[in-house]
Amino acid sequence: MKYIVMMFGDGGEMAATADPAWVRDMMTFMGDFNTELARTGELVEARGLAFPSTAKIVSYEDGQVAVTDGPYAETKESLAGFWILEVPGEERAVELAGRVAFWARKVELREVPDGPPDHAEN
C-alpha cells in the first residue's frame, strides 16, 4: 500500500527561530530516515518544497487564468515536504509517520490509492 506523509511548516521561519543544534539534528534525522527507507525499499519519493513565500496560486475565474502570490492556505504553515511510502499496511505507515512527527509535531498521513477513489465510500 502507498501512503503519503505530509510535513507542514515554514522552513524559513524555522531556520530563523529554532535552535541551530535542533535544526542540525532534524536535518540529520531526515537524511538518515530517507537512507533507511531507501535501503528497506519503502521509499517511493521524498521531497522538500521551496519556502511558502515562493508559492503561486493559479486559479480559473470568469474565463480567465489568474495568478496570485501564495501559499493557498491563509496560515503561517503550509506543506513543507512529503514522503511517498510503499509499505505493507497502515500500521507501518503510522509507525514511520510517528518518527517524522517527533520533529514536525504533527504530520498528515493519507493513503495513495492505485486508482480513482471508490465512490461507494462517500
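This is a predicted model: local features need pLDDT of at least 70, side-chain atom pairs count only at pLDDT 80 or more; totals for chains, interfaces and linings use all residues.

Reader: Is V58 buried or exposed?

Author: The relative accessible area of V58 is 58%. A residue counts as exposed when this value is over 50%. V58 is therefore classed as exposed.

Reader: Which residues make the nonpolar surface patch of about 460 Å²?

Author: The elements that give two or more residues to this patch are β3 (56-61) and β4 (64-69). The patch covers about 460 Å², and its members are V58, Y60, V65 and V67.

Reader: How many helices and strands are there in the protein?

Author: Read from the N terminus on, the elements run β-α-α-β-β-β-β-α-β. The protein has three helices and six strands.

Reader: What percentage of the 122 residues counts as buried?

Author: The C-alpha atoms fill a box of roughly 50 × 45 × 20 Å, taken along the principal axes. The accessible surface comes to about 8500 Å², and 55% of that surface belongs to carbon and sulfur atoms. A residue counts as buried when its relative accessible area is under 20%. Of the 122 residues, the buried share is 25%.

Reader: Among contacts between residues at least 6 apart in sequence, what percentage joins residues at least 24 apart?

Author: The question concerns contacts, that is, heavy atoms within 4.5 Å. Of the contacts between residues at least 6 apart in sequence, the share joining residues at least 24 apart is 73%.

Reader: Which residues of the largest nonpolar core touch the most other members?

Author: In soluble globular proteins, nonpolar side chains tend to be buried together. The largest nonpolar core here has 17 residues. The elements that give two or more residues to this core are β1 (2-9), α2 (20-40), β5 (78-86) and α3 (90-104). The members that touch the most others are F33, W83, L85 and V100.

Reader: With which residues is V100 in contact, leaving aside its neighbours within four places in sequence?

Author: V100 is one of the core residues that touch the most other members. Leaving aside its neighbours within four places in sequence, V100 is in contact with M7, F29, F33, W83 and V107.

Reader: Is E42 buried or exposed?

Author: E42 lies in the loop between α2 and β2 (43-48). Beyond its neighbours within four places in sequence, E42 is in contact with L37, I84, L85, E86, V87, P88, R92 and L96. Its relative accessible area is 9%, and the limit for a buried residue is under 20%. E42 is therefore buried.

Reader: With the side chain of which residue does the side chain of E42 make a polar contact?

Author: The contact joins two side chains at 2.8 Å. The partner of E42 in this polar contact is T40.

Reader: How many residues apart are K2 and D114, which form a salt bridge?

Author: The closest N and O atoms of K2 and D114 are 3.7 Å apart, and a salt bridge requires a distance within 4 Å. The pair links distant parts of the chain, with K2 in strand β1 and D114 in the segment after β6 (107-111). K2 is partly exposed at 26% relative accessible area, whereas D114 is exposed at 76%.

Reader: Which residue is linked with K2 and D114 in a network of salt bridges?

Author: The count of salt bridges comes to nine. K2 and D114 belong to a network of such bridges, and the residue linked with them is E86.

Reader: What is the N to O distance in the salt bridge of K56 and D69?

Author: The pair links distant parts of the chain, K56 being in strand β3 and D69 in strand β4, 13 residues apart. D69 is exposed, with a relative accessible area of 58%. The side chains of K56 and D69 meet at an N to O distance of 2.7 Å.

Reader: How far apart in space are F51 and V112, C-alpha to C-alpha?

Author: F51 has its place in the loop between β2 and β3, and it is partly exposed at 46% relative accessible area. Not counting residues up to four places away in sequence, F51 touches G11 and G12. F51 and V112 are 61 residues apart in sequence, and their C-alpha separation in space is 25 Å.

Note on methods. Residues are numbered from 1 along each chain as its sequence is written. Side-chain values use heavy atoms; hydrogens and water are left out. Patches are made of residues with over 30% relative accessible area and no salt bridge: like charges are joined within 9 Å, nonpolar side chains (Val, Leu, Ile, Met, Phe, Trp, Tyr) within 5 Å. Accessible areas come from the Shrake-Rupley method with a 1.4 Å probe; for residues, only the protein chains shown count as cover. Helices (H or I, at least four residues) and strands (E, at least two) are DSSP runs, numbered from the N terminus. Buried means under 20% relative accessible area, exposed over 50%, partly exposed in between (1.4 Å probe, protein chains only). A nonpolar core is a set of buried Ala, Val, Leu, Ile, Met, Phe, Trp, Tyr and Cys residues joined through side-chain atoms within 4.5 Å. A polar contact is a pair of N or O atoms within 3.5 Å; within protein, one must be able to donate a hydrogen and the other to accept it, and residues adjacent in sequence count only if both atoms are side-chain atoms.
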